[in-house]
Amino acid sequence: MKIYKVELDLTLVIARLSKYDLYEYNSERPIIFVEAYDPDEACFKSVHRLMHMILKKEDTAEARMFCKEIKSDIRVIKATAK
């Protein structure tokens, strides 16, 4: 497994994420480091970690619907191996 540096684009959802304290995801273009076998898995893990953090803060039906809504608005800009 390699460590990947994944840069996300959250500009479309950052205003809606402000009510959650999401540490490294609190900017419009966060850089996330994940351990994965390939770049596709690294991209999946970085978005999955964000969804998991939201549901860990508030595990309600509304939060689950919110995750479904914003998932399509999150874009991966770049994933590079370190």
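How many salt bridges does the count come to by this rule? I note that this is a predicted model, in which local features need pLDDT of at least 70, side-chain atom pairs count only at pLDDT 80 or more, and totals for chains, interfaces and linings use all residues. Residues are numbered from 1 along each chain as its sequence is written, and side-chain values use heavy atoms, with hydrogens and water left out.

Entry one, the count. I took a salt bridge to be a side-chain nitrogen of Lys or Arg within 4 Å of a carboxyl oxygen of Asp or Glu, and by this rule the count comes to 5 salt bridges.

Entry two, a pair across the chain. I looked up arginine 16 and found that its salt bridge is with aspartate 73, with the closest N and O atoms 3.1 Å apart. This pair links distant parts of the chain, since arginine 16 is in helix 1 (residues 14–17) and aspartate 73 is in the loop between helix 3 and strand 3, 57 residues apart; helices (H or I, at least four residues) and strands (E, at least two) are DSSP runs, numbered from the N terminus. Arginine 16 is partly exposed at 35% relative accessible area, and aspartate 73 is partly exposed at 22%, where partly exposed lies between buried (under 20%) and exposed (over 50%), with a 1.4 Å probe and protein chains only.

I found lysine 45 in a salt bridge with glutamate 41, the closest N and O atoms being 3.5 Å apart, and both lie in helix 2, 4 residues apart, about one turn of the helix.
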